[in-house]
Structure formats: structure tokens, C-alpha cells
Amino acid sequence: MWVLAGVLMSDAAHAVSIRNIVGGGYEEFWNFKGRYRLVKGGRGSKKSTTTALWYIYNMMYYYYRYGVMANLLVIRAYKVDHMDTTYTQLMWAINKLGVEHLWKPCRNPMQIVFRPTGQKILFRGMDSSARIKSITAAVGNLCWVWWEEAFEIAFYEDVETVNMSIRGSLPEPLFYQHTFTFNPAVPDHWLKKRFYDHVGSDGLSEDGQILAITRNFDCNEFLDESFLYEMERLRRFDPDRYRVVAMGEWGTNGGIIYTKWRIESFAWTQKFGDGWVYRYGMDFGFVESPTAIVKLAVNREKRLIYVCDAVYLYAKVSTEIAEACRRMGIAECPILADSSHQMAIEEIRRNGVRRIDAVKKGAGSVIVGIERCKEYTIVIERHCEQFIREIASYRWKKNPRDEGWIDEPDDYQEDHGLDAMRYAMSQEEAFDTKFMAELRRHNQMRMSRRYAIDAE
């Protein structure tokens, strides 16, 4: 039996059994000390709550038992996502273990501090990856990294970057370890290629440095009957989605918007031949939300979109945006830009980008534009890293009333390059025009009902 060490051990009345709190299904995960620990799973699989409990317990355990101080770095694709996920899960784990008096939460800067020693849990996003390269711990050692919703991390190179940032000798018995927790989606991802394809049936690699396992709600003894009913209902009526959402198997579920895309290295300045046309799009921003400009090569017959270039401009005014267009070699090309910024479009036009124009929008134009792009396979040049991060994590909004999704993108996600792609593709006729017409009418009706409700 695992029993919480240190201050709670001195008071038998408050001794806590971790086994009783965590439950079954995670013993090998809990005891593994290799470099890479991964668990993919469906809803209700306990992967994130178990991971949060492991970190809170072991940061205290290794200090009280061995006198060594581990620090934790928690990473998501976008830092803004931490507050309602990892931060809240770790605070839940602290309260579940009854040690809230030992931990000090802080929201700005976002961190959680172990009061007796000053050990920290730090939160970062790969949208500010430069801040991770120089991260250090004031006391003890930064040796553990938790990658939550790791499927949203587009590049394995991001893991290598963090690997290079946490190095040096450790006092025994501390160890370096990356933990990846995620809901699986398309199997053509580095998480599968780098890890799951290199372990045996027991989830272990030959060198013992990788544990990659899959868990589902069957190992969660804390679920209520209503959850089990919904899972059984999903199994009966949507077995393909059940396989991914419930059982944690590789596949595609409704949450990820774009699934037909890949990364390639090609000369982005190359000339595409017969059957190809160039399309250009621009989405406006300023400081935290950048202006994005994309250059696409489109082949309608092959249903291919090549993202040749994607430039992101922070805190740039119209003259600087026009200069960026000249550097990209597209100042004389027809560019479709966000129509809600008419003044910026006119200023850019007066600065020499004469063929820029406003894209035509209407009720439901976002979903129609997304569906038009989804008719193609999207091939992205490797240097377009920010665009790749966007498309890898771009997801639908969850329906609060059930386990499904609403047909509009989730709020508060990076999508400026994707919006620019939609604008660029708006002049391409859809393949299924009847479906698009029905989709547009449906969204117009839905938006009209929403405005009517808001007016009331």
C-alpha cells in the first residue's frame, strides 16, 4: 500500500492511501522511472487525474523520504488552456490528498508552490516556446515534464527542445521523465511513430526507457451509472466513434476539425505546373493575435492544397504588412483579406499592394469555408511551424448538453493562419455545391435564431 509520507505520516488519523484514491489500472504507470511515460485513453480513463495525483504525491514523497526536491514543468500547446485543465486538475489532486495547507497556488504568474521547500509546478505553452528554452528551478531540480493533450503538439522537435533544457546530474534517487497524456486521434502522428510503434504488448520498449499504454473507462471504478449508460449508447449507435472516444484507440473523432493533412519538405518557392493555381489570404491581428498571410498552391483535380508559405506578423501596421507582402513576392498578386478591417485593406492598397481585396462573408461563412478546405488534402511545408501548430490542435466547440460537438470552432484557439487559408480558398467552388448550399442555409437559420434570442 502506498501511504503519503512525511507530515501526514506523523498523524495516523490523517494517513492517506494512494491506492484507494487512484484505484486500479495504473500500477505500472505509477512505478515506472524510465525517460518517457505515455498513456492515451478515452473519456473517463483517469489518465489526467492519475497523473496529477502522481506529481503532487511524489514531489512531497521524494522530499520527505530522501531529502531531494523535484520540480515539475507542465506543457500544453497553448498556455491559455492550462487554467481550466492542468492547473485545476493539480489543485484537485492537492485537495484530494488533504494537503492544501502545504501548497500555495498563484495565477499570475501561473504556478503552484510547495510551501515547505519552494519547489514549483510551472505552466508553459508551446506558443511561447522561447520561454521554455531557458527555464530553470530556483530550488532543487527541474526533472519532470507533463505534456497534457500531447496530441496537440505538432512537432517531436518540441520535445527535443525541452529535453535539452532539462539536463545535468541529479541527486539520487531523482530521475528525468516526460509524461504524455492525450486522447488519440489520427494515427499518423509522432506520438505513435516515436513511441507506441516501439513498445511490445506490455507497453515497454526493449531498452526500458519507454512505457506507452492505453487505458479506457473500464479501469475507472469511480464512474456513475449515467456515464456508463452514455458509453453503452455510444457503442451501439456510433461504434467507430466509441472505439476512439471511449476505448482510446487510434482514429478520428469529431473534436479535431482538420484530419487530412501532412507535413512535407519541398521548395516553397517552386513553380507548380499545369493544373495548379496560387491563392493568397490574409487575416488581421495586432499584438497577441498576429496578422497572418498565407500562400497556397491549389490543384482542384487532385484535391490538394499546398501551404507554401505562412507568415505571422506581430504588432505591425499597414505599411509594414505591405512590406511583408513584397518580401513574400506577392505584392502584385490577388489577396483576399478579412473584410472586417476595411481601413487596413485600403491602407495596404495605398502602400502598393493594389490587388488586395475584402473577402465576402455572410452568416455561416466560417463553417462553409472550413468544409470547403476539408474537401482537400492539405500539405504543409515544414518551415510553416506556427501554421502546423494551429491545424494540429484546431477543434470544434463541445456541446455542453451532451458528448457531441457544435458545428463551429472552439473559442480561444489560435487560428489566424487557418482563417487566412479560408479566405484564400473562398474563390474556389465547392465540389458538393448542393451540400454547401444546404449547409449555408442551415447556418443562416441557426445564426438568425441566436440573434433573436440575444435580442430578447
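## Basis of the description

Contact means heavy atoms within 4.5 Å. On that basis, helix H11 (residues 342-350) lies across strand S10 (276-283), strand S13 (335-337) and S14, and runs at about 165° to S14. Axes are lines fitted to C-alpha atoms, for helices over the stretch in contact, with angles from 0 to 180 degrees between N-to-C directions. Helices (H or I, at least four residues) and strands (E, at least two) are DSSP runs, numbered from the N terminus.

This is a predicted model, in which local features need pLDDT of at least 70 and side-chain atom pairs count only at pLDDT 80 or more, while totals for chains, interfaces and linings use all residues. Residues are numbered from 1 along each chain as its sequence is written, and side-chain values use heavy atoms, with hydrogens and water left out.

## Overall composition

The protein chain contains 15 helices and 17 strands. Of its 456 residues, 54% count as buried (under 20% relative accessible area, 1.4 Å probe, protein chains only). Among contacts with a separation of 6 or more, 69% join residues 24 or more positions apart.

## The eight-stranded sheet

Eight strands form an open sheet in the order S3-S4-S5-S2-S6-S7-S1-S8, and the pairing is mixed; two strands pair if DSSP finds at least two bridges between them. Strand S3 (103-107) and strand S8 (210-215) are the edge strands, each pairing on one side only. From one strand to the next, the twist averages 15°.

Strand S1 (residues 36-41) runs parallel to S8, joined to it by six bridges; Arg37 stands opposite Leu211 in S8. Helix H3 (residues 47-66) lies across several strands, including S1, strand S2 (70-76) and strand S6 (141-148), and runs at about 170° to S6.

## The seven-stranded sheet

A further open sheet has seven strands in the order S9-S15-S12-S11-S10-S13-S14, again with mixed pairing. Its edges are strand S9 (261-264) and strand S14 (356-358), each of which pairs on one side only. The twist here averages 30° from one strand to the next.

Within this sheet, strand S12 (residues 304-313) pairs with strand S15 (residues 377-381) in the parallel sense over four bridges. Thr377 in S15 is the bridge partner of Leu304.

## Packing of H13 and H14

The axes of helix H13 (residues 385-393) and helix H14 (residues 416-425) come within 8 Å and cross at roughly 90°. H13 is therefore roughly perpendicular to H14, a term for angles of 65 to 115 degrees. Phe387, Glu390 and Ile391 in H13 meet His416, Gly417, Leu418 and Met421 in H14.

Methods:
Angles under 35 degrees count as roughly parallel, over 145 as roughly antiparallel, 65 to 115 as roughly perpendicular and the rest as oblique. Buried means under 20% relative accessible area, exposed over 50%, partly exposed in between (1.4 Å probe, protein chains only).
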